[in-house]
Amino acid sequence: MKTLLDKIYENYPDKDREILLSAYNYAEQMHMGQRRASGEPYFTHPCAVAEILIDLGLDTPSVAAAFLHDVIEDTPATADDIKKLFGDEILTLVDGVTKLDKIRFQTHEEEDAENFRKIFVAMANDVRVIIIKLADRLHNMRSLNFLSNERQQRIAKETLDIFTPLAGRLGISQIKCELEDLCLKYLDPEAYEYLVKNIHQKLEERRSFVDKVVAELKAVLEESKIEGEVFGRPKHFYSIYRKMKNQGKTLDQIYDLSAVRVIVNTTEECYEILGKIHKQWKPVPGRIKDYIATPKRNMYQSLHTTVVTEFGQFFEIQIRTFEMHRMAEYGIAAHWKYKENVTSETSFDQRLSWIRDVMDWQGSLNDSKEFVDSLKNDLYSNELLVFTPHGKVISLPLEATPVDFAYAIHSEVGNKCVGAKVNSRIVALNSTLHTGDVVEILTSPNAKGPSWDWLKFVKSGSARAKIRQFYKREMKEENVKTGKAMLEAEARRRGYNLGDILTEESFRKLSNKLVFSSVNEMMASVGFGAVSVNQVIFKLIDYYKKDIPKPQEVLEESKFKRSPAGSVSVKGLSGLLVRFASCCTPVPGDSIVGFISRGRGVIIHRSDCPNLKDIEPERLQPAQWTGDIETEFIAGLKILAVDDNTVTAFITAEISAMHLYMTQIVGRVNKDRQAEFEIKVKLNQRSDIDLLINRLKRDKRIIDVFRVTSV
């Protein structure tokens, strides 16, 4: 068996060999005395990572960086030392991997998302960084048995969630398949042991059958005078495990435990052999897949067919060229392993274009969690393949819509989209596309841009980000108005006025948290959806409440009005003094709750009273109105109106017309140049206040009317 040094001498010329041996010796010296959890010298780890990269065919700087990837983090070596000894390129790779090594995914969700984003930034700067990191993770997974069960589970889940999809998207199936099997070993050890034992046994039973199929296929090649190779390959455990879980099948019901591969020289020969295979064995309907004409998103190409023998035995055959086979095994790494190949260069550029696209639209998303959510469909979901009217294949996530298709063509096509045809028929923009559909987008130069409602149904992260980007860049003024209206409405719903809770001091505190340079920028961010309404409102209310008396301080006896006998029933309590809270002024018909005060009986609040949010839940009891209530209550209203001298007279006239009594009215002009009134009205029942609100709102001078607390 070849040693690591043998592989260096065999695969790299003299000049490169000197660099690699120098990196090898330097890393060995710097890691001297360090041990891994297994008890082995730490230096075995960078050697293993370097060997994985050599087997993948990576270039000299990548392998040198693999030897050195832990020296800055774990030894006295500095970045300046690496630069002086090995140059800028190797330092850049080492530094990139070092930064990724600092990423930890067991933290809070937002931090996890930001770390995930950093991985893609590193990939965009130099894709070799992530390939080194994948090799590093592969060796760590191989030696995971020396860690505690808790760490095994955490690292395996992190690997399955983050690194295996990345390896798959980059087309490096060698790493992806081994990582998935190792993850299964630690995440579901019983299933893994079952599969190892039983699949091995079944493969032994099927060995003679597979050998017979291989021999017959070799005869087909020979008869057709086509040069090529034929061999059987067992499928990896995780793919079988996933099929059993997703399809609800037992192992006995999985027929394609192994696949037979046919490797030939040209694409034409692939199709010729496919025809002859179908002539010899009956193909299973629906199990023929042409990934040559329509490659997967990671540029995988092959013909797949499942056939059945005259004895009812199923088996899968994969047919591809030698170049397709290299790309399927090594993915983006084939750029270095087979660098003399021109078509590999094209495939390399196509793979990098995906990373560049991700980085283009990620810049429009302020929130890292939103970036991860947008990316998940691109990374994790299956794909569907649809066509332009000119026959170009477009890859989209499952359940994608014409809007996803439009943005996959170009941002401007999406922004000017007004309709769509699928298979020559007009369809709704939220229609679900299916593989094989021919899609035509109808555009108009007069289109105002994408609809915000499109975000409710688009499936691709790219489309979602480009829609938000449009609103952010091209409709800022409209976003400010929309954001302001959303914040005002949510503040009112929670019993507050935005003008009261959004002060210079509260905005200063908020901008320290959410990094806004101005109030308008905050409004615009809410308007186009980069920041949610609740993110802003919750913080503003929190700042506001810290400047007013605490709920416990509000619950003083002098603040409450005694309840008339029999008007309210509190669950599980009787004989206690019942009072009404003046902070939220509940009236008959309101949803209410009883607060058990210490020594003062039960205080009745409206269920939505903000002052109850910080109260111990065990001190709250369900309450309801009972019997005929023959007493008067006080309700507080806030009225926003145009600044008109006749508004006050109109309000008082409406109250008088309903035979209600107004106990207080306070008016002012707010900073938005609106007339703002706070009034208290005596009434007997909830319907009175609802009727009054409706009567007031009918007048065009009235902007809004709503119940308030603590007027």
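**Sheets and helix packing in the predicted model**

Strands β19 and β20 pair in the antiparallel sense over eight bridges; two strands are taken to pair if DSSP finds at least two bridges between them. Helices (H or I, at least four residues) and strands (E, at least two) are DSSP runs, numbered from the N terminus. The model is predicted: local features need pLDDT of at least 70 and side-chain atom pairs count only at pLDDT 80 or more, while totals for chains, interfaces and linings use all residues. Residues are numbered from 1 along each chain as its sequence is written, and side-chain values use heavy atoms, with hydrogens and water left out.

Angles here run from 0 to 180 degrees between N-to-C directions, and axes are lines fitted to C-alpha atoms, for helices over the stretch in contact.

Strand β18 (residues 633-642) pairs with β21 in the antiparallel sense over five bridges, and the bridge partner of Leu640 in β21 is Asp704. β18 is also joined to β20 by 10 bridges, again antiparallel, with Val642 opposite Gln674 in β20. Seven of the 10 residues of β20 are buried (under 20% relative accessible area; exposed is over 50% and partly exposed in between, with a 1.4 Å probe and protein chains only). Strand β20 is therefore largely enclosed by the rest of the structure.

Strand β9 (residues 417-422) and β10 pair in the antiparallel sense over three bridges, and Val422 stands opposite Arg425 in β10.

Two helix pairs were examined. Two packed helices are described by the angle between their axes and the distance between the axes. The axes of α2 (residues 14-30) and α4 (residues 60-68) come within 8 Å and cross at roughly 10°. Helices α2 and α4 are therefore roughly parallel to each other (angles under 35 degrees; over 145 is roughly antiparallel, 65 to 115 roughly perpendicular and the rest oblique). The contact is made by Asp16, Ile19, Leu20, Ala23, Tyr24, Tyr26 and Ala27 of α2 and by Thr60, Val63, Ala64, Phe67 and Leu68 of α4. By class, this contact of α2 with α4 has 10 nonpolar, one polar and one charged residues. Ala, Val, Leu, Ile, Met, Phe, Trp, Tyr, Cys and Pro count as nonpolar, Asp, Glu, Lys and Arg as charged, and the others, Gly among them, as polar.

For α22 (residues 476-493) and α25 (residues 519-527), the axes come within 6 Å and cross at roughly 85°, which makes α22 roughly perpendicular to α25. Residues in this contact include Lys476, Asn479 and Met486 of α22 and Asn520, Met522 and Val526 of α25. The contact of α22 with α25 has seven nonpolar, five polar and two charged residues.

The disulfide count comes to zero, a disulfide being a pair of cysteine sulfur atoms within 2.5 Å. Cys177, at 23% relative accessibility, counts as partly exposed, whereas Cys417, at 4%, counts as buried. Overall, the protein chain has 29 helices and 21 strands, and 50% of its 711 residues count as buried. Among its contacts between residues at least 6 apart in sequence, 66% join residues at least 24 apart.

Terms used. Contact means heavy atoms within 4.5 Å.
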